[in-house]
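Subject: Structure for you to look at

Hello,

Here is the structure I said I would pass on. Please open it first and then read the notes below it.

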Amino acid sequence: AATRTPLMAGNWKMNLNHQEAVVLVQKLAWTLSDKKHDFAKVEVVVVPPFTDLRSVQTLVDGDRLSIRYGAQDVSVHESGAYTGEISAGMLAKLGCSYVVVGHSERREHHDESDETVSAKAHRALDAGMTPIVCVGEGLEIRQAGEQVAHCVAQVAGSLAGFSAEQVAGLVVAYEPVWAIGTGEVATPDDAQEVCAAVRAHVRETHGDAAADGVRVLYGGSVKAANVAGIMAETDVDGCLVGGASLQADEFGGICRFY
Ligand code: PEP
């Protein structure tokens, strides 16, 4: 992972209103400054609900923070009569650098297919943002030992239509569903197995530059206490963090794992 900048992204899910968001980002900035965090060494991203983004933007811009931010979802449509949807252009205008697409909670509760995920990722890229494309197997698939085939198939479907240059700049997050919000973290070996398979697949489909450039994150019950072991794996380039990203100290500790 020597040439890839590690990335720690905190997915807040449907938590914290815009005032609480400002408090958390401020606390995170303080704790990272306390820990003498080097943002060039590990990129730090928060992913709040849509309604918090304007407040986070104002704080990040006003205080010239090095923390970046993104959204948890994006519409497949560009604009128009899609009540309740948020477009990639709107998110880019708010200064979002990233958009999470295909989180397992969206795949499960909103029936998102790989085709939908791919369409959303294209919208994000076209608007100048980096998609964080999530894949991961459920418990039954893990117990059947089919996690690699399952996740590689999701990557193949979700990255359909992207050029090698585009893939090189993407982020893929491997998040085993059985490890999300359960406190049951995958072992470093489990994380490495699937992250390496994702990179090997990208090497086959999009070539060396894409495989060496794409950042593959692990997500699922990551905490400050278990992050170092996961980050020691060759093909793990960072983490997508849910619960632990709601506490500044804990997420700060994850970002300052090195
Ligand atoms: C997530 O929702 O992306 C996630 C990894 O959650 P948690 O860290 O809480 O398991």
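Two residues are in contact if their C-beta atoms, placed from the backbone, lie within 7 Å. With that cut-off, and leaving aside neighbours within four places in sequence, Tyr98 is in contact with Ala9, Val45, Val47, Arg68, Gly70, Met129, Thr130 and Ile132. Tyr98 itself sits in strand β4. Is Tyr98 buried or exposed? Tyr98 has 23 other C-beta atoms within 10 Å, and a residue counts as buried at 20 or more, so Tyr98 is buried. One of its contacts, Met129, is 31 residues away along the chain, yet the two C-alpha atoms are separated by 5.3 Å.

Before going further, note that this is a predicted model. The mean pLDDT of the protein chain is 96, and 99% of its residues reach 70 or more. For the complex, the predictor gives an ipTM of 0.97 and a pTM of 0.97.

The chain as a whole

The protein chain contains 12 helices and eight strands. Its radius of gyration is 17 Å, close to the 18 Å that the globule rule gives for 258 residues, so the chain is as compact as a globular protein of that length. Along the principal axes, the C-alpha atoms fill a box of roughly 45 × 45 × 35 Å. Of the 258 residues in the protein chain, 45% are buried.

The ligand and Gly242

How many residues surround the ligand? There are 13, and the closest are Ile180, Gly181, Gly219, Gly242 and Gly243. By type, this shell divides into five nonpolar residues, seven polar and one charged.

Of these residues, take Gly242 as an example. Gly242 is placed in the loop between β8 (238-241) and α12 (248-255). Gly242 has 21 other C-beta atoms within 10 Å and is therefore buried. Not counting residues up to four places away in sequence, Gly242 touches Asn11, Lys13, Ile180 and Gly181. Gly181 is 61 residues from Gly242 along the chain, but their C-alpha atoms are separated by 7.2 Å.

Helix α9

Helix α9 covers residues 188-206, which is 19 residues. From its first C-alpha to its last, α9 reaches 26 Å, close to the 27 Å expected at 1.5 Å a residue. Which residues of α9 are buried? They are Ala191, Gln192, Val194, Cys195, Val198, Arg199, Val202 and His206. The buried residues of α9 pack against α7 (147-158), α8 (164-168), β6 (171-174), α10 (208-213), β7 (215-219) and α11 (227-231). After α9 comes Gly207, with a positive phi near 95°.

Most residues other than glycine have a negative phi. Two residues are worth checking against that.

Lys13, which Gly242 touches, has a phi near 55°, a positive value in a residue other than glycine. Lys13 lies in the loop between β1 (7-11) and α1 (18-34). With 17 other C-beta atoms within 10 Å, Lys13 is partly exposed.

Arg64 has a phi near 50°, also positive in a residue other than glycine. Where is Arg64? Arg64 is in the loop between α2 (53-62) and β3 (68-71). Arg64 has 6 C-beta neighbours inside 10 Å and therefore counts as exposed.

One more loop

Gly95 is in the loop between α3 (88-93) and β4 (98-101). Gly95 has 17 C-beta neighbours inside 10 Å and counts as partly exposed. Gly95 and Asp61 are 34 residues apart in sequence, and their C-alpha atoms are 9.3 Å apart in space.

Regards

How values were computed: Residues numbered from 1 in each chain as written. Predicted model: local features only at pLDDT ≥ 70, side-chain atom pairs only at ≥ 80, totals over all residues. Near = placed C-beta within 6 Å. Nonpolar A, V, L, I, M, F, W, Y, C, P; charged D, E, K, R; others polar. pLDDT = per-residue confidence, 0-100. Helix = DSSP H or I, 4+ residues; strand = E, 2+ residues; numbered from the N terminus. Rg over C-alpha atoms; globule rule 2.2 N^0.38 Å. Buried ≥ 20, exposed ≤ 12 C-beta atoms within 10 Å, placed from the backbone. Expected span 1.5 Å × (residues − 1).
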